[in-house]
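These are my notebook entries on one protein chain, kept in the order in which I looked things up. I begin with the pockets and then turn to the cores, the salt bridges and the fold as a whole.

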Amino acid sequence: MMARLASCLFGGCATLLLGACTTAMPPALGAQDIQAPSDFTAEYRPEAGPQELWWQGFNDPQLNSLIARALSENLNISAAEARLRAAEAFLKAERSDLLPSINGSGNITVDVNDSGDTNDSAAVSLFGQFTPDISGRLGAEVLAATANLAAAEYFVADQRRLIASAVANQYIELRRTDARLTLLDESTQLQQQTLRIVTLRYEAGLSANLDVRRAAADLARTRAQRGLLELARARASHALAVLVGDAPGAIPAASHDTASVPEFQSGPPRGSPADLLRRRADLLVAEAGLMEAAANIGIERADLLPSLTIPGEIVAGDGRIDKIFANVVTSIGASLNLPLFDGGRRRAEISAAEAEADARFSEYRQTFLTALSEVENALVGISAYTARNTELRQAIDESDAAFMQSNALYREGLASLFDVLDAQRQLISSRESLIDSEASLASSIVALYAAAGAETKV
């Protein structure tokens, strides 16, 4: 009986008043208000392939495995997913404010006098309250929570974008240091051979001791690079471990046969500037923030309008436990709050919310311009490092020929050791530069797909 009465009491009010007047929501700015260029200005256009996940274009199983682990186990992504669940719960809570709330209470009292007689009493009550959204405030709060949920969803996607690119960059650095360490071993062997030749010539009286010292100094300088390379490798290895959710630890070094920077074949289309507005997650987070800011303006505007509260109560009981339902009393009321004077506080809060919306739109535009710049820089970087690698390979061929020729002439006494060492330094330097440039090219490709907001769902 009481449940039916409560349903009539509060549900009827909800039906009558939910359709009352609401605050007009200000239009939210967004992607439609940004003029995107028709295309990127950089001349270079990477070749598109069949891969849906950009990192698969490196054709490196270890890289694929590391990124898959990171997308599954990374703690930043886990934290973003937890905040997404919190945003879902908060939206559910905000929606519940549109419905009536009902609470119940009951009490039983038993008194015993000196003669042992008992006197008991009992009462049961239902208390309810319904706040019709006549000002539109509750609806605006729901819209703000909805926008916050959308931002949380996009933030998860943005974390995936950033983590995938971070893993790829650290892996490239790992392989760069592996390649440099392999080259260091080869260079050391080459310089040791030169030192042996110079030493033999010195012992035969054909060279000065100065030549021996010069060759030994070059060998020592080359060996001195090992510590820094091993440090760089350890840092990359530890960073990769943390990215995949593990404690810092060593990742096995590549063998001499595979110690090279991964070479990119082809990947998904890079898209156009307008595509950034639809698929780059940090831009979508910023756009959701604009929607939330617009909803907050609606919340503040609602405070200028009247608000209505309808409380109700059902009390059962006549003072005895065995006749608790013999007497039932119901009551319902209404309380109307009319904003009259607040010294300009409500108007000021509206102005503050509008200014915050303007600030978020400026931040949204800035995020878009930054994204454009990142794509342009990546395209130019790919073009520049591709051309640089071609020239460095030619430099290596020429330096190798020059070293072989000067070494042969030195053995015949037709060239000085300075010529040999200079050609040797140029050869080693060109090889080192090529490895570093190949790593920079690979990192530029990673930067392109991260900046373009390429898909990261496995």
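**Entry 1: terms and ground rules.** For pockets I worked on a 1 Å grid over the protein atoms alone: a cavity is a set of points where a 1.4 Å probe fits but cannot get out, whereas a pocket is an open set with protein on both sides within 12 Å along at least five of seven lines, and lining residues have an atom within 4 Å of a point. Grid points are joined across faces, edges and corners, and a volume is the space filled by probe spheres set on the points. I note that this is a predicted model, in which local features need pLDDT of at least 70 and side-chain atom pairs count only at pLDDT 80 or more, while totals for chains, interfaces and linings use all residues. Residues are numbered from 1 along each chain as its sequence is written, and side-chain values use heavy atoms, with hydrogens and water left out.

**Entry 2: the second largest pocket.** I recorded a volume of about 270 Å³ for the second largest pocket. Its lining has 16 residues, and those closest to the centre are Ala157, Arg279, Ala281, Glu455 and Thr456. Helices α4 and α8 are the elements that give two or more residues to this lining; I take helices (H or I, at least four residues) and strands (E, at least two) as DSSP runs, numbered from the N terminus. The largest share, six residues, comes from α4. I then sorted the lining by class, counting Ala, Val, Leu, Ile, Met, Phe, Trp, Tyr, Cys and Pro as nonpolar, Asp, Glu, Lys and Arg as charged, and the others, Gly among them, as polar.

**Entry 3: the largest pocket.** I found about 430 Å³ of space in the largest pocket. Of its 18 lining residues, Glu263, Phe264, Thr386, Leu441 and Ile445 are the closest to the centre. Both α9 and α10 supply at least two residues of the lining, and α10 gives the most, with six. By class I noted 11 nonpolar, three polar and four charged residues in the lining of the largest pocket.

**Entry 4: nonpolar cores.** I define a nonpolar core as a set of buried Ala, Val, Leu, Ile, Met, Phe, Trp, Tyr and Cys residues joined through side-chain atoms within 4.5 Å. Buried means under 20% relative accessible area, exposed over 50%, and partly exposed in between (1.4 Å probe, protein chains only). Which members of the largest core touch the most others? Among its 53 residues, they are Trp54, Trp55, Phe58, Ile67, Val167, Leu276 and Tyr364. I listed α2, α4 (137-203), α6 (225-243), α7 (273-279), α8 (281-302), α9 (345-411) and α10 (417-451) as each supplying at least two residues of this core. A second, separate core has 17 residues, including Leu190, Val212, Leu417 and Leu421.

**Entry 5: salt bridges.** I counted 24 salt bridges, each being a side-chain nitrogen of Lys or Arg within 4 Å of a carboxyl oxygen of Asp or Glu. Asp436 and Arg180 form one of them, at 3.1 Å from N to O. Asp436 belongs to helix α10 and Arg180 to helix α4, so this pair ties together parts that are 256 residues apart in sequence. Asp436 is partly exposed at 25% relative accessibility, whereas Arg180 is buried at 10%.

I next looked up Arg226 and Asp185, whose closest N and O atoms are 2.3 Å apart in a salt bridge. Arg226 lies in helix α6 and Asp185 in helix α4, so the pair links parts 41 residues apart in sequence. Arg226 is partly exposed at 28%, and Asp185 is partly exposed at 26%.

The salt bridge between Asp282 and Arg280 has its closest N and O atoms 2.8 Å apart. Asp282 is buried at 16% relative accessible area, and Arg280 is buried at 3%. Salt bridges that share partners join Asp158, Arg161, Arg280, Asp282 and Glu374 into one network.

**Entry 6: a loop residue.** I found Asn59 in the loop between α1 (2-17) and α2 (61-73). Its phi is near 55°, a positive value in a residue other than glycine. Asn59 is exposed, with a relative accessible area of 62%.

**Entry 7: the chain as a whole.** I recorded 10 helices and five strands in the protein chain. Of its 458 residues, 41% are buried. Taking a contact as heavy atoms within 4.5 Å, I noted that among contacts between residues at least 6 apart in sequence, 83% join residues at least 24 apart.
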